[in-house]
Amino acid sequence: MNPELVGRVFPPVAPYLVAREKVREFARAVFATSPLNHDPSAAMSAGYADVVAPPTFPVVVQEATLAQLLAEPDAGIDFTRVVHGDQRFTYSRPVVAGDELTATLAVTSIKSLGAHSMVTAESTIVDATGAHVVTAISTLVVRGDE
Amino acid sequence: MSIQVGDIVAEATYALTRDSLVRYAGASGDFNPIHYRDDVAVSVGLPGVLAHGMLTMGFAVQPVVDWLGDRGWVSDYQVRFTRPVVVDATTGASVTVLAKVGAVEDGAARIDLTVSFDESTVLGKAQVRVTLR
């Protein structure tokens with residue numbers, strides 16, 4: 001893997017509009033049964049603008065940024081050898097339906113561990129006003145020759 | 001919130017099936033065939049079809065979300081993927097989640113998750129920070 005990727009910031013990906021039905025679909029897929037995830041009136045009486053996305057929902061938004069990294073011509077990452085090592089979401093506020101989210105990827109660290117490499121990529125996700133919503137941090141392990 | 005370090009706030013068991021994996025693939029957009037095709041999983045050296053790590057991360061936090069209700073929200077959530085969850089085509093996979101208070105601060109708490117399959121933990125350093133509203 002190319003160590004010069006560290007510090008590289010990619011162009012923001014196209015804005016992602018969080019739809020109510022997508023939140024519900026994702027919620028069902030992760031066994032989320034809270035009324036806040038499914039019922040707009042429950043979410044609104046709790047003070048949210050619309051249904052609340054489950055905590056790992058930003059992975060859907062982050063995916064396009066990781067695709068940028070894997071497609072980077074000089075990255076030297078063979079995606080068939082990539083294993084997900086760590087994942088973290090650090091929020092300023094919950095994601096709700098109606099949010100228009102824009103993600104920007106930065107490579108923050110590359111380490112070698114024997115034949116393997118570990119790349120940490122941070123996707124900073126902001127809303128339509130530019131305010132921070134959540135940062136999604138992934139560490140990918142790229143397996144070397146064994 | 002009257003909780004103390006060491007308190008168990010939630011426990012749950014999730015019965016995963018291949019249907020769960022297909023549903024998560026569609027909802028998340030992760031269509032890697034190792035999560036639904038035995039032949040592909042075996043060809044890359046895996047013991048079988050695996051649950052998406054992000055699926056396990058996704059449901060493992062739900063007992064905390066349900067315990068919290070509308071009193072607060074998840075402001076930070078991290079995991080390390082340490083072992084795969086193999087989902088058998090006929091019998092599926094049973095994954096248990098134990099959520100225990102790891103730290104208490106003013107208006108916030110850290111909840112530590114123990115997520116187990118086949119008597120081994122599958123997530124490391126699985127920590128949820130909850131912030132009261």
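What share of the 146 residues in chain A is made up of buried residues? Buried residues account for 38% of them, where a residue is called buried if 20 or more other C-beta atoms, placed from the backbone, lie within 10 Å of its own. The model is predicted, so local features need pLDDT of at least 70 and side-chain atom pairs count only at pLDDT 80 or more, while totals for chains, interfaces and linings use all residues. Residues are numbered from 1 along each chain as its sequence is written, and chains are lettered from A and ligands numbered from 1 in the order in which they are written.

**View 1. Chain A as a whole, with four helices and five strands.** Read from the N terminus, the elements follow the order β-α-α-α-α-β-β-β-β; helices (H or I, at least four residues) and strands (E, at least two) are DSSP runs, numbered from the N terminus. Along the principal axes, the C-alpha atoms of chain A fill a box of roughly 55 × 30 × 20 Å.

**View 2. The surroundings of A:Phe26 in the largest nonpolar core.** This core, a set of buried Ala, Val, Leu, Ile, Met, Phe, Trp, Tyr and Cys residues joined through C-beta atoms within 7 Å, has 79 residues, and A:Phe26, B:Ala60, B:Val85 and B:Leu113 are those with the most contacts inside it. Apart from neighbours within four places in sequence, A:Phe26 is in contact (C-beta atoms, placed from the backbone, within 7 Å) with A:Ala53, A:Pro54, A:Phe57, A:Val60 and B:Ala27.

**View 3. A:Pro55 in the loop between helix H3 (40–45) and helix H4 (58–71) of chain A.** A:Pro55 is buried because 27 other C-beta atoms lie within 10 Å. When residues up to four places away in sequence are not counted, A:Pro55 touches A:Phe89 as well as B:Val61, B:Val74 and B:Tyr77.

**View 4. The contact between the chains, with 25 residues from chain A and 26 residues from chain B.** On the side of chain A that touches chain B, helix H1 (20–29), H4 and strand S2 (82–91) each supply at least two residues, and the largest share, eight residues, comes from S2(A).

**View 5. The pairing of S2(A) with strand S2 (residues 72–81) of chain B.** The two strands pair in the antiparallel sense over five bridges, a pairing being assigned if DSSP finds at least two bridges between strands. Within this view, A:Phe89 stands opposite B:Tyr77 in S2(B), and both of these residues are touched by A:Pro55.

Definitions and conventions. Buried ≥ 20, exposed ≤ 12 C-beta atoms within 10 Å, placed from the backbone. Contact = placed C-beta atoms within 7 Å.
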